[in-house]
Amino acid sequence: MTAPAGTELLGANAREVEIAGAGARTTVPLDADGQRKLAACLAAASEGKPRGRVYLSLENIRGAHDASVLNVYINLPVGARPGEHRHLLAGSVGLYGLRRASIPQGEEGGMGLSYMLDITSVLLELANARLLGADEFTVSMLPQRQLAESDHLLVKRVAMVL
Amino acid sequence: MAYGSQEYTRLRNAVLFMGLMAWLSIALVPLLWDEPYAGPVCSAARLAATSWETLEALIPTPFQAVGWVLMLVAMMSPVLVAPIRHVYASSFAHRRGRSIAFFVGGYAVVWMAVGCLILAVERVAAGLMPQSYGPAIGVALVALVWQMSPAKQRCINRCHNHGPLAAFGMAADGDAVCMGLKTGCWCVGSCWAVMLLPIVLPQGHIVAMLAVGALIFCERLDPPRAPLWRWRGFSTAADYAMLRLGWRNVPE
């Protein structure tokens, strides 16, 4: 994904996320300044005067299971069926090359894979439906197919960038 | 982590400007100051020194520390652009300066500690073989072997790795310091041998610094590779130069 000009960190989760089985959730709190900038960005976008895009950054995903696709949702209710909330889908990421990228002595030094997802439209929809919280978001990362017991994925950081 | 081209350009120019100021300090202070042995990094003083005691009398240890700091800033600033950019992009706007300061502090601690060892090596070399190229020849041979070694490649690969940083509070400060310490350690692992060479030369100190600085910068342009025995240093820089000069076409 092409890096937009003037990017700024809005918020990030506090600790590494382990994805096992059916998936995992994490909370991404926003900085006070980030809340204000996000609100201004979404307000401008809803008026037809876009002032940038909002991205979700999944950083340093590591694991040994290459054949996975992660579906990433924003503010998916607990216990909800993802198929009934497609409007909350931020994107899907294919983890091909994950095993090689996660090898500590490999060329990448075990830093894994990182992805950026454009979540502007999802946030706009949540804002229009008045379902958008002010200070934090939940991010659900659900494998397309449930992971085996021996398979785990680690996501070092989930961040929101404007 | 994403960052815009304008931000990157401003940050890069600021870091390189500090490096340029360090180079100017190293090169111009001896010329501008009447004292013949002025300046903390002075080839004339090293040439005249017949022993460590003489050298120390000419350039007291605090000035040697200042000289080492100037040398680090001058030679390492180009390779610090990428990690500083990562710290900048990974931090909230209001704490970017603080995070970068913590990173640079951690990095500096490692190199200052190594500087004590390197200056001690110079002391031994000056004591055993004053005004001789013997120590420099020995260091050059060691540096040549290390330059080609798989261990060096592992260190360079690690230098390219910039992990995520915590965003809030003390955890963010701690991560910035840790990143500085780790980056410093891997940088020392990659560069220790070539950094020793300008120190032990009896003359041509600044020219050697320029050459070593260019080598360090060019080898960081290379992407991470498998750790094998091979010559490394200028392949990416040479490819870029040939593309710019039109001697090689961009593959279709």
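Is R53(A) buried, partly exposed or exposed? R53(A) is partly exposed, because its relative accessible area is 39% (buried means under 20%, exposed over 50%, partly exposed in between, with a 1.4 Å probe and protein chains only). The model is predicted: local features need pLDDT of at least 70, side-chain atom pairs count only at pLDDT 80 or more, and totals for chains, interfaces and linings use all residues. Residues are numbered from 1 along each chain as its sequence is written, chains are lettered from A and ligands numbered from 1 in the order written, and side-chain values use heavy atoms, without hydrogens and water.

Side chains of opposite charge can pair when their charged atoms come close. A salt bridge is a side-chain nitrogen of Lys or Arg within 4 Å of a carboxyl oxygen of Asp or Glu. In one of them, R53(A) meets D118(A) at 3.0 Å, N to O. This pair links distant parts of the chain, 65 residues apart. D118(A) is partly exposed, because its relative accessibility is 26%.

In chain B, R95(B) and D173(B) form a salt bridge at 2.1 Å, N to O. These two lie 78 residues apart. Both R95(B) and D173(B) are buried. D222(B) forms a salt bridge with R225(B), with the closest N and O atoms 3.7 Å apart. D222(B) counts as buried, at 5% relative accessibility, whereas R225(B) is partly exposed at 24%. In chain A, a network of salt bridges links E8(A), D33(A), R36(A) and K37(A).

Conventions
Helices (H or I, at least four residues) and strands (E, at least two) are DSSP runs, numbered from the N terminus.
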